[in-house]
Amino acid sequence: MNDGPDSFDDLAEAYAGSAGELPFRRDIEIPSLLTALGDLTGRRVLDLGCGPGLHSRLLARAGARVTGTDASPGMIAWARRQEAREPLGITYEVADAGATEPPGRDFDTVLAVYVLPYADTPDALLAMCRTARTALSRRGGTLLAATLNPDYATTPGYYRRYGFDLTAHRPHDPGRTPVPDPRDGDTIALRTWMAGRHFDVTARYWSAATHEHALRTAGFTDITWQRPTAGPGADHTALAGYLTTPHALLLTARATPTPG
């Protein structure tokens with residue numbers, strides 16, 4: 001099949017099932033996120049850009065008190081149906097990561113999985129970072145983002161064996177000619193294959209320096225980049241190429257405490 005929907009509302013079911021169908025998600029991405037987050041017992045976590053609630057449910061099962069937000073009503077509707085079917089105490093709200101106030105200002109942690117690449121301008125990237133900072137307690141807190149690796153592999157088809165592919169092109173190129181040297185603001189086309197179908201979404205490329213400038217401007221310090229690692233039971237041989245050059249890195253930043 002070649003359905004190729006490009007609406008996040010239409011992607012909810014596919015994204016929700018992707019952890020089981022894409023080994024890099026199950027064996028690398030999710031274990032790496034949970035390891036980086038540490039003990040979640042009793043912590044208040046905002047899952048910013050939560051999609052259909054895949055990570056929200058993982059966090060809740062690990063003991064966190066979770067609120068998930070997403071700009072897509074379809075994604076939130078899917079997440080709420082899962083919560084109704086298996087209640088974990090998660091609250092879901094429709095909210096744009098960079099255009100609306102967060103649902104509270106006393107979270108301990110903000111998780112943002114593949115959210116920052118959807119900022120279409122540096123100002124939009126800064127707005128997302130400010131939303132994350134506003135959501136954190138005045139005592140400080142931590143943002144953990146999974147974001148596009150600024151040095152991802154641009155070799156055509158490099159990630160195809162892992163169930164997806166990435167192609168960069170200049171944003172105003174009507175022919176969408178692939179480029180091997182993505183620059184800030186370039187369009188990143190992501191195609192994912194699952195269950196005999198393909199799904200297309202587009203994002204933007206942002207350099208490490210641009211990410212860090214936005215975070216510092218928003219009030220974050222102690223910015224670190226971390227490569228994902230394979231979890232227990234992973235097939236290291238099959239995932240070796242991905243681990244060598246992962247398409248995403250973990251970006252951690254701490255919120256500067258504010259007086260009052």
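**View 1. Arg R26 in its helix, within a predicted model.** R26 belongs to helix 2, which covers residues 23–37. Between the C-alpha atoms of R26 and T187 the separation is 27 Å, the two residues being 161 apart along the chain.

**View 2. The largest cavity and the residues around it.** The volume of the largest cavity is about 60 Å³, and a search of the whole structure finds four cavities of 30 Å³ or more. Its lining includes F24, I28, E29 and S32, together with Y114, A146, P228, Y242, A248 and L250. Helix 2 gives the most to this lining, with four residues, while strand 10 (248–255) also supplies at least two. By class, the lining of the largest cavity holds eight nonpolar residues, one polar and one charged.

**View 3. The second largest pocket.** This pocket has a volume of about 170 Å³, and eleven residues line it, of which A189, L190, D200, V201 and T202 are the closest to its centre. At least two lining residues come from each of strand 6 (164–169), strand 7 (187–194) and strand 8 (197–204). The lining of the second largest pocket comprises five charged, four nonpolar and two polar residues.

**View 4. Confidence along the chain.** The protein chain has a mean pLDDT of 92, with 92% of its residues reaching 70 or more. Over residues 1–6, however, the pLDDT is below 50, and this stretch has 16 contacts in the model beyond near neighbours in sequence. Where pLDDT is low, predicted coordinates should not be read in detail.

How values were computed:
Residues numbered from 1 in each chain as written. Predicted model: local features only at pLDDT ≥ 70, side-chain atom pairs only at ≥ 80, totals over all residues. Heavy atoms only, no water. pLDDT = per-residue confidence, 0-100. Contact = heavy atoms within 4.5 Å. 1 Å grid on protein atoms, 1.4 Å probe; cavity = no way out; pocket = protein on both sides within 12 Å on 5 of 7 lines; lining within 4 Å. Points joined across faces, edges and corners; volume = space filled by probe spheres on them. Nonpolar A, V, L, I, M, F, W, Y, C, P; charged D, E, K, R; others polar.
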